[in-house]
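Dear colleague,

Please find below the structure I am handing over to you. My findings follow directly after it.

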Amino acid sequence: MAGSESSSKLRTIMAFIALLFALLSTGHCSSQVPLVMWSSEGYTLPPMASPAAGHIISNDQLVSYLNSALGSAPHNVLLFLQDKLSKDDFTRYGGVFGNNHESAFPNLESALQSSSSPLVLPALSWLGASAVPGLLQEKLGVSPLSVDPDTLAHLRLNASDNTLLLIILPYSTGAYLSCKEVLRSNDEVIGKVLSIMKAQGVPYTAIYTGLKPSRVIEEPSMVGQSSMGRSLLQAVVDEVKPPLMFNTTSGPCIMLWAQNLNVSFNNLEWIDLGPLTFAPGGSVSTAESFCNETNSRLIFSSFSMSQRRYPVSARNWFTLDTVELLFNADTAIYNGSRGIYAPAEYSFHCQNVNNFRNALLVPRTQNATQWRILFTDFQIQGFSILNRTTDFSYASDCAGFFTPGIWMGLITSLLMLLILTYGMHMIMQLRSMDRFDDPKGPSISVPQSE
């Protein structure tokens, strides 16, 4: 019974947070971050009126509340400051609808559940959020001490002293690290810190917010627009960098584009070559590249392509034969012809091209196994490029036609068809009685033998 009430309270808290975030997201959409504040068990934060939909908490309002809250709350303040944070992170990855096992914030939800008066501000001014460390430092009269769980475990805090502990949480995704995984990792840090504070028996006040929003919504300019007009708000879209091109006298011959060109040696840190490759005025030279009707070779690393006619399909196809990685006079060669191919008049596109997981690049030389290569949102075309254009031809994608979802639908439909066929067959086998007892005639007798 107690477990059911606890789970119901947790769902109510997260649903309330999500409802506030959803209501406020329909209002004024400027740069804003959420702020969550709570205290340890046995301490109560002063109440604050729920902000109206569309209202953004200003810096002055935050200062006023902190002055009131820190007057009665513990003065050991834990400031969890994430590089980026938006209300969408909670609504998308929190256990709002009872799916607590899928939540990216189990420790934060548990802390809010145990606190008697948590404070949730879904929309705090971006400038107000960035000023939180300074406001706390001014109020407490101490400088912030940057710590991590390992450092905090060796500190001995005094409940009667003012302490401002700053825990920096990253918000950067790696090659295979999703946003949800980053948030879950940060939540584990929050859980470790709170466990250490509980083990030491030190009361605390905790604040979780971000330096800037992870998702920025652009406000349309009011210049030239009627005050009664409507306009749609849209996300800020980063400028797309042009593809890397090799030109001949007759026009573009080879085009290559990727969101990231990541390489790693002996499982060390990933290095992204994309900015050097696609940035305007980048340091990449393609002077040694060449192309003709049957072969293309793009050299900055080295991408070798060829095309040939296949009678079965009655058309020409091109393949990415090799990818060569040049480093300190050493060459690592990978074979890509098994998975990277397309009709000669098309381009080839794949979301992830790598040599270690569902590999499309197969090591050909011994030293190639020392490197890890990951091309994100990769697209290449080596033939049939229209003159004076930077647009790729129609893309042949590496994703197969029969995806797992399609296979599941086909198998389910086939199973239901078999059940229907069996049912119809059984109905058709039913037989009605062909003889009946006539009350005016002799009765039907069935002899019984002993």
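Among the elements of the protein chain, the lowest mean pLDDT, 46, belongs to helix 1 (residues 2-25), and the highest, 93, to helix 10 (residues 404-428). Residues 12-29 have a pLDDT below 50, although this stretch has 36 contacts in the model beyond near neighbours in sequence. A further stretch, residues 217-234, also stays under 50, and the model gives it 15 contacts beyond four places in sequence. Where pLDDT is low, the predicted coordinates should not be read in detail. For the protein chain, the average pLDDT is 77, and 77% of the residues score at least 70.

Turning to the sheet, 6 strands form an open sheet in the order 3-1-6-2-5-4, and their pairing is mixed. Strand 3 (119-125) and strand 4 (145-146) stand at the edges; each has a single partner strand, so one side of each is left without a neighbour in the sheet. Strand 1 (residues 32-39) and strand 6 (residues 205-212) run antiparallel and are joined by 5 bridges. Within this pair, Ser39 stands opposite Thr205 of strand 6.

Two helices that contact the sheet deserve mention. Helix 8 (residues 179-200) packs on the sheet and touches strand 1, strand 2, strand 5 (163-169) and strand 6, its direction making about 170° with that of strand 2. Helix 2 (residues 59-72) lies across strand 1, strand 2 (76-84), strand 3 and strand 6, and runs at about 10° to strand 1.

Each of these helices also meets another helix. Two packed helices are described by the angle between their axes and the distance between the axes.

For helix 4 (residues 106-114) and helix 8, the axes come within 7 Å and cross at roughly 45°. The two helices are therefore oblique to each other. In this contact, Pro106, Asn107, Leu108 and Ala111 of helix 4 meet Asp187, Glu188, Gly191 and Leu194 of helix 8. The residues involved divide into 4 nonpolar, 2 polar and 2 charged.

For helix 2 and helix 6 (residues 132-140), the axes come within 11 Å and cross at roughly 40°; the crossing is right-handed. On the helix 2 side, Asn59, Leu62, Val63, Leu66, Asn67 and Leu70 take part, meeting Val132, Leu135, Leu136, Lys139 and Leu140 in helix 6. This contact comprises 8 nonpolar, 2 polar and 1 charged residues.

Yours sincerely

Key
Residues numbered from 1 in each chain as written. Predicted model: local features only at pLDDT ≥ 70, side-chain atom pairs only at ≥ 80, totals over all residues. Heavy atoms only, no water. Pairing = 2+ DSSP bridges. Helix = DSSP H or I, 4+ residues; strand = E, 2+ residues; numbered from the N terminus. Contact = heavy atoms within 4.5 Å. Axes fitted to C-alpha atoms, helices over the stretch in contact; angles between N-to-C directions. Parallel < 35°, antiparallel > 145°, perpendicular 65-115°, else oblique. Nonpolar A, V, L, I, M, F, W, Y, C, P; charged D, E, K, R; others polar. Left-handed = near helix turned anticlockwise from the far one by under 90°. pLDDT = per-residue confidence, 0-100.
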